[in-house]
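Trainee: I would like to go through this model with you, one question at a time.
Mentor: Go ahead.
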Amino acid sequence: MRSKLKEIYDPTHFRQLGHTLIDLLADHHEASLNAETPRSFPWEPPDTQLQFWEALDKEPTTPEDLFQHILSRSITIHDPRYIGHQVGMPAPTGVLFSLLSSYLNNGMAVYEMGMAANCLEKLIIDECCTRFGLGAHSGGLLTSGGTLANLTAMLSARRAMEDRWRGKTPAILVSEEAHYCIARAAKTMGWPPEAVIHVPTDADFRMQTERLESLYKQAMERGQQVIAVVGCACSTSTGSYDDLEAIADFCEQHDLWFHVDGAHGAAVVFSHTHAHLLKGAERANSIVLDFHKLLMAPALATALLYKNNQDSFRTFEQESAYLLDLQQDWYNSGKRTFECTKYMICAKIYGIVKTHGWDAFGENVDELYENARTFATSIAQRENLVLGAPVQSNILCFRFVEEGLTQEESNAQNAFIRQAIIERGEYYIVQTLLRGYRFLRLAVMNPFTTLTQFEELCTQIESYAKAWHESQ
Ligand SMILES: Cc1ncc(COP(=O)(O)O)c(C=O)c1O
């Protein structure tokens, strides 16, 4: 045995380093929650950042030092002043169970390599199907992220609707506000761009479902065969929920596949207060739900649920000499997912559930949604800040407005504000374009973010709006 390998797998080293890392993370966690971590969002231009790593690369570095360097040069989601992208603050329990999964490294696609994993995955999926009310024949799987889950759902729809679109060009109807991964899924399936038919949204950024019928007819007249409608629950930019009941009615009427992209907002299924936003989702053929957004699991952790579990088996249906056969068995989850070596996603979800209870998910959602509403009320009280859309979730879009500025100038001013905020590094926020206007976009992901912190952010925004004039 080569000595290098003995060193790599030495249990004593593993134990010591593991203790060091957990102590470091626990200290960091405590300081982060109290917003005491220096430079939680240490923005640097890419070339400057790269220079640091290139210099370090030339030096010997201990793992302990490397832990510190990576921590101090990354975004601290656990700091309540993180109000940026829709990546959730992972529960420490979930982090620890991720470590367990990484240690085990059981590629769980087949039962014999994932005995515990395939059973835990089934428990999670069954509970989700029950919560969504998908019925007795439902089922599903866990996979690596909403993007892959949406692609998988589109592949399932294409497979299930094969008899309808053969010899024609398949197409899907989807809100103009849908996440880009839906169009990417169509592209991945080899469909032309016009296969994704965008349904306009109303003033609140919700799909104009009354337009579905005419868009459907026009597509059919052009020789396209619409096979599915995708509803947003909720949309990415503004967090708006489509009228899923209206979409379900339309799909039933035309016998189409109804898919709900609930990567972000289907998490309300666990909330007693906000579950009504999903009315109609129980009639969907497929639903995507990310656990790494609103449900506290470390990324990636996504459920793809089906009303008819058989559809999940038909997506990839194939035989391979050493691994796969055509039996529809629940315990070989790789038959239904893209992944071959499949990470034990279930452990981090189930670890959270078993430790803190399923209700923990609803509590997180309620806290975040309520905080977003409180922050929206505070925006309404400020003279120069206006909301871009009613707040239906934990996503807030607003912009600084000033009389006398053109749209272009106003956009430049808001872009300047957002850049100044991230370069200052005390808060982390993102931005979006809504109907040609640049908006500051906040996803309230951390339940510890306070109104006082939010108001301090608004004050910084106002002062950078003034600074923009000076920079001109
Ligand atoms: C509505 C929606 N769908 C899909 C995705 C993609 O999910 P993931 O980042 O897990 O691939 C996102 C991500 O923000 C989203 O908001």
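Trainee: In which helix does Leu5 lie?
Mentor: This is a predicted model, with a mean pLDDT of 97 for the protein. Leu5 belongs to the run of residues 3-8, which is helix 1.

Trainee: Is Leu5 buried, partly exposed or exposed?
Mentor: Buried requires under 20% relative accessible area and exposed over 50%. Leu5 has a relative accessible area of 39%, so Leu5 is partly exposed.

Trainee: Which residues form a nonpolar patch on the surface, and with what accessible area together?
Mentor: Leu5 is one of the members of the patch. The patch consists of Met1, Leu5, Ile8 and Tyr9, and their accessible area together is about 520 Å².

Trainee: Is Ala281 buried or exposed?
Mentor: Ala281 sits in the loop between strand 5 (257-262) and strand 6. The cut-off for buried is under 20%. With a relative accessible area of 1%, Ala281 is therefore buried.

Trainee: How far apart in space are Ala281 and Leu134?
Mentor: Ala281 touches Leu134, along with Leu244, Val260 and Ile287, when residues up to four places away in sequence are not counted. In sequence, Ala281 and Leu134 are 147 residues apart. C-alpha to C-alpha, the distance is 8.3 Å.

Trainee: What distance separates the centres of domain 1 and domain 3?
Mentor: The domain assignment gives 8-38 + 42-75 as domain 1 and 361-471 as domain 3. Taken over C-alpha atoms, their centres are separated by 31 Å.

Trainee: How many residues does the contact take from each of these domains?
Mentor: Contact here means heavy atoms within 4.5 Å. The contact takes four residues from domain 1 and, from domain 3, six residues.

Terms used: Residues are numbered from 1 along each chain as its sequence is written. This is a predicted model: local features need pLDDT of at least 70, side-chain atom pairs count only at pLDDT 80 or more; totals for chains, interfaces and linings use all residues. Side-chain values use heavy atoms; hydrogens and water are left out. pLDDT is the predictor's confidence in each residue, from 0 to 100. Patches are made of residues with over 30% relative accessible area and no salt bridge: like charges are joined within 9 Å, nonpolar side chains (Val, Leu, Ile, Met, Phe, Trp, Tyr) within 5 Å. Accessible areas come from the Shrake-Rupley method with a 1.4 Å probe; for residues, only the protein chains shown count as cover. A salt bridge is a side-chain nitrogen of Lys or Arg within 4 Å of a carboxyl oxygen of Asp or Glu. Helices (H or I, at least four residues) and strands (E, at least two) are DSSP runs, numbered from the N terminus. Buried means under 20% relative accessible area, exposed over 50%, partly exposed in between (1.4 Å probe, protein chains only). Domain bounds come from an automatic or database domain assignment.
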